[in-house]
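Please open the model in your viewer and keep the selection panel at hand.

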There are 2 protein chains.
Amino acid sequence: MRYLLRLWFFIPCFVFTQVYATRYACTPCNYPCDTTTYEQPGVCKHCGMALVEKNRQASMDEKITVCFYLYDGVEILDFAGPMEVFSYAGFKVITVAKTKAPLISQGVLKIIPDYSIKDAPQTDIFAVFGGSDEVATNDPEVISWIKSRDSVTKNYFSVCTGAFILGKAGLLDQLTVTTFHKSITNLQKAVPKAKVLQNVRYVDNGRVITTAGISAGIDGALHLVSKLKGKEVAEAVAKQIEYDKYLPEQGIDLSSAP
Amino acid sequence: MRYLLRLWFFIPCFVFTQVYATRYACTPCNYPCDTTTYEQPGVCKHCGMALVEKNRQASMDEKITVCFYLYDGVEILDFAGPMEVFSYAGFKVITVAKTKAPLISQGVLKIIPDYSIKDAPQTDIFAVFGGSDEVATNDPEVISWIKSRDSVTKNYFSVCTGAFILGKAGLLDQLTVTTFHKSITNLQKAVPKAKVLQNVRYVDNGRVITTAGISAGIDGALHLVSKLKGKEVAEAVAKQIEYDKYLPEQGIDLSSAP
């Protein structure tokens, strides 16, 4: 009888501690481990992210959204580097093109965009990339659509000659920016009200981040992750994608400049 | 009359020198500048590649072909880095999947493959990538198809956990290889006859090159370009894509080992 009484007491206690015990989970990374919980803090065995308390994960799970604007001739690594970084950082990534027709990146990769400019939802970040950027720059309908989203866009992000697209939309005036190393002079001519820097991986003006060419998009994306989710998350992503070569100081952060 | 005689002499000479003068062109890079010629040696104004004599370009124009084998869940930067590098080096890149149905890379990017395993042409290089590699590894039809191309494949190239696919096809036995940093132990178990190294960007066994995770594919691809087209071409591609961080010595080249 005494044994049964003990059980009657301990079982509810055990259940209570299991249900209400602090459990830990990785910060959202868009991988199946987003739903895995751990009893102890540390790092996620799958994605390598630092674990946070599960209830904190839930509040972080209101994902930051990013629109990747793509077009025929967009350079593949320009967008693929940041897409890898933002996905691992748990951002929700969507692809948008002028229409939903398949497009070809760099003459090689056939892509079906998720949305057209007619039905694309609003996103926190608007990202554009280089390559045949004149496809977008010379299209008044696209430029007008980009401008129409301005009031809800929290951050603009360009890689390589994607800066010409932001410039055409009037988004680089009075800012310090960068672009592909062979397009520095041309961007300065196209956007005379901006100050175009060379030999820098990225320039952060606060709302607008522009990066140098092609692979520099990875550094710029890691910087944006660091800014929005913390340095430890950016470092965990860099480690995960084995981009050991990430050196934050290769960029210029003017976001807190007067 | 003497004036006319001079013209009669000089015009054919001028035409002759223009037609037969040595002209220069960039090494094939899959960009419009492939058809641009220059009067003097140097570098191409568009792509930055070293110029070669035009008739030498023609002989180099028998393009090296690469099959990018893709599947649902393939990691985007795993394949996009090498795709950027090989495209810029002038290789002809094709995408192949089990079927021609659209697939989704990393849960984000919708891709239409060029070919299925039923109609894919033979290529010089066969390349596989990580992510949900079990989609390919656990598919006997895919593994059998990879094996069936062995006699015509000159080089195998894997990024990240793409090594598990090559391993399943029996292509890593007796070799020194590498993979994603968190999969070193598992690959060693899966391919006990291989020697799996950690902390190296790529390992070149001659015919088979395996790379570490995700961004390391860029280094491995640059190494393969260097091997097949020369160090100066690899360095020009690295400069073009602003991958200033390329350090060839971060890989191990065992191709000339006894």
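Select chain A and chain B together: between them they bury about 3600 Å², 55% of it on carbon and sulfur atoms, where buried area is the accessible area (1.4 Å probe) that two parts lose on being put together, summed over both. This is a predicted model, in which local features need pLDDT of at least 70 and side-chain atom pairs count only at pLDDT 80 or more, while totals for chains, interfaces and linings use all residues. Residues are numbered from 1 along each chain as its sequence is written, chains are lettered from A and ligands numbered from 1 in the order in which they are written, and side-chain values use heavy atoms, with hydrogens and water left out.

The contact (heavy atoms within 4.5 Å) takes 47 residues from chain B and 47 residues from chain A. Next select B:Lys110 and A:Asp114, which form a salt bridge with their closest N and O atoms 2.4 Å apart; the term requires a side-chain nitrogen of Lys or Arg within 4 Å of a carboxyl oxygen of Asp or Glu, and the count between the two chains is six.

Now move to chain A and select helix H8 (residues 216-229) and helix H9 (residues 231-240), which pack at an angle of about 145° with their axes 6 Å apart. Helices here are DSSP runs (H or I) of at least four residues, and strands (E) of at least two, numbered from the N terminus; axes are lines fitted to C-alpha atoms, for helices over the stretch in contact, and angles run from 0 to 180 degrees between N-to-C directions.

Finally, select A:Glu242, which lies in the loop between H9 and strand E14 (252-253) of chain A and has a positive phi of about 55° although it is not a glycine. Is A:Glu242 buried or exposed? At 8% relative accessibility, A:Glu242 counts as buried, a class that means under 20% relative accessible area, with exposed over 50% and partly exposed in between (1.4 Å probe, protein chains only).
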